[in-house]
Amino acid sequence: MSVSSEQVRHIAKLARIAMSEEEIERLVPELNNILGWVEQLGEVDTDGVEPLTAVIDQKLRLRDDVVDDGNIREEVLENAPDAQHGFFAVPKVIE
Amino acid sequence: MIELTKKTIAELRSGLRSGEFSAREIAEGFNAAVAGAKLLNAFTVTTPEDALAAAASADEARARGDLPSLAGIPLGIKDLFATRGIDTTAGSKILKGFRPPYESTVTANLRRAGAGMLGKLNMDEFAMGSSNETSAYGPVISPWRRKGSNVALTPGGSSGGSAAAVAADIAPGVTGTDTGGSIRQPAAFTGICGIKPTYGRCSRWGVVAFASSLDQAGPMAKTVRDCAILLEAMTGFDPRDSTSLDLPVPRWEAGLSSDLKGKRVGIPKEYRIEGVPSEINALWDQGIEWLKDAGATPVEISLPHTKYALPTYYIIAPAEASSNLARYDGVRYGLRVSGGDGLDGMYSATRAEGFGAEVKRRVMIGTYVLSAGFYDAYFTKAQKVRALIKQDFARAFEACDVILTPTAPSAAFGIGETTDPLAMYLNDVFAVPASLAGLPAMSVPGGLDGSGLPLGLHLIGNALEEQTVLNAGLAIEERAGFAARPEKWW
């Protein structure tokens, strides 16, 4: 499989990274080079192999459903590029 | 007093206990060394006052006669660890100015053990790189140079600032992180030791995420003993990391022994790959002899899926990175760039401006392999091959106790010398399989190549067998007698 400039433009949109046409054109051969290389995995017989999801066997723990932190709104907002009235502020989304 | 900066952590610890010098003298010595090494570009931010404050506590504790394990030891901290109130940027422009309101578990553990902080160490952006050239702060320059040459060399990556700081005697020990070799390859390039423990030993809480199923923190220092001391302080169960191992911390330092009688050392035949310089294979053979001398028996083993480890990694790591890095959206922290088109435009403009070329490349690959129609062909396939790689190791460890290989397929290369992304990825060919299997692995210096640059030997242990790895590392360290240090030019 190889990607076209059309597909790279689509991936950039999915990844929310603005890209110029030059960047797209430069990425097409780069990505195809990498994807062509990873496709050698097709040689490996993986019939009946379970995909690995946890590298060290362990059970996910449960904890009591209680608030164990919080009340640090000001601290959290301190790093926001734009905070107003105790909230994160973003560009208008509803006209 | 400058001699203090050449000492190991174990030597500093005993000198402090015996009253030969004070913690304040140690901190001042290293603060001065850091300030005098700006040309290396190893730090993104320096915190001399932090090192001095910890030193003051250590000197008071000494007067009371109760010194914690790392009292008065000032450390460098990779910029991937969240440090409360101190810039934490992961080497990226997108996190510029981010001051976490919390401390990572690993650095909190180190602080509890009495360590101070010299500053935050430069690194490849989001730990994506093998040469430190992807850092938004510019590359770290290795203190090492080829014989008779002034060419600027890479300290390796992504923990390049960490490696350079230890090699240049500007920090006695540092934290690193290793997703696919980021502790071990730079350790090898700079003639120091570095260990990545079993996945889950070090809490990932407060470590900026790259690829969560692979990321593991670990120490880098001058000696195997120092690595054991630091690792003991860094590890431990943390309920805030869902993959943290709920196990007691072994006493690795007390368990150190270079007597390997009865141990079998696996030599994987698939690691004899084409194009690796003969000096590296010769050092590998020498390493086998050293371990035999320590009482171990070499056995040939087979890890049949070795050649598929790198392509597997370059699906799984970018896929996880594309998800993890979705959080950098210009809303909660870091950079925001206004785009022309509302919220989506702001996201896209912020990420375009904030991420460097390699990070964009990996986010793009990750987004592609996770996208509808390709997920099974790429991501699920890679997870299946990963299972086979893990199984390879499980079988190998029925026949051996520890595996010996070279750490990297070359010595350090020049800044700007490797421009092809794929060629750069190949640097981690020996390091990545152990990462995919979550196993503990360490690099120890073995010798110098013909141009006078360090080469490392790589030890891989079975899950939770850090002690075996450290002990084999110690056996090599004692026999290699590696004492070379870069000549000071900075």
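Residues are numbered from 1 along each chain as its sequence is written, and chains are lettered from A in the order in which they are written. Because the model is predicted, local features need pLDDT of at least 70 and side-chain atom pairs count only at pLDDT 80 or more, whereas totals for chains, interfaces and linings use all residues.

**The two chains**

Helices (H or I, at least four residues) and strands (E, at least two) are DSSP runs, numbered from the N terminus. Chain B contains 15 helices and 11 strands; chain A contains 3 helices and 2 strands, in the sequence order α-α-α-β-β. The radius of gyration is taken over C-alpha atoms, and the globule rule is 2.2 Å times the number of residues to the power 0.38. A residue is buried if 20 or more other C-beta atoms, placed from the backbone, lie within 10 Å of its own.

| Chain | C-alpha span along principal axes | Buried residues |
|---|---|---|
| Chain A | about 55 × 45 × 25 Å | 18% of 95 residues |
| Chain B | about 65 × 50 × 50 Å | 62% of 490 residues |

Chain A has a radius of gyration of 23 Å, well over the 12 Å that the rule gives for 95 residues, so chain A is more spread out than a compact globule. Two residues are in contact if their C-beta atoms, placed from the backbone, lie within 7 Å. Of the contacts in chain B with a separation of 6 or more, 77% join residues 24 or more positions apart.

**The contact between the chains**

In all, 55 residues of chain B are in contact with 44 residues of chain A. Helix 12 (375–399) is among the helices of chain B that each supply at least two residues to this side, and helix 12 gives the most, with 10 residues. The side of chain B that touches chain A comprises 29 nonpolar, 16 polar and 10 charged residues. Here Ala, Val, Leu, Ile, Met, Phe, Trp, Tyr, Cys and Pro count as nonpolar, Asp, Glu, Lys and Arg as charged, and the others, Gly among them, as polar.

**Strand 2 of chain B**

Strand 2 (residues 74–78) of chain B is largely enclosed by the rest of the structure, because 5 of its 5 residues are buried. B:Pro74, B:Gly76 and B:Lys78 lie on one side of the strand, and B:Leu75 and B:Ile77 on the other. Strand 2 of chain B pairs in the parallel sense with strand 3 (residues 116–121) of chain B over 5 bridges, where pairing requires at least two DSSP bridges. B:Gly76 stands opposite B:Gly119 in strand 3 of chain B.

Key: A residue is buried if 20 or more other C-beta atoms lie within 10 Å of its own, exposed if 12 or fewer, and partly exposed in between; C-beta atoms are placed from the backbone.
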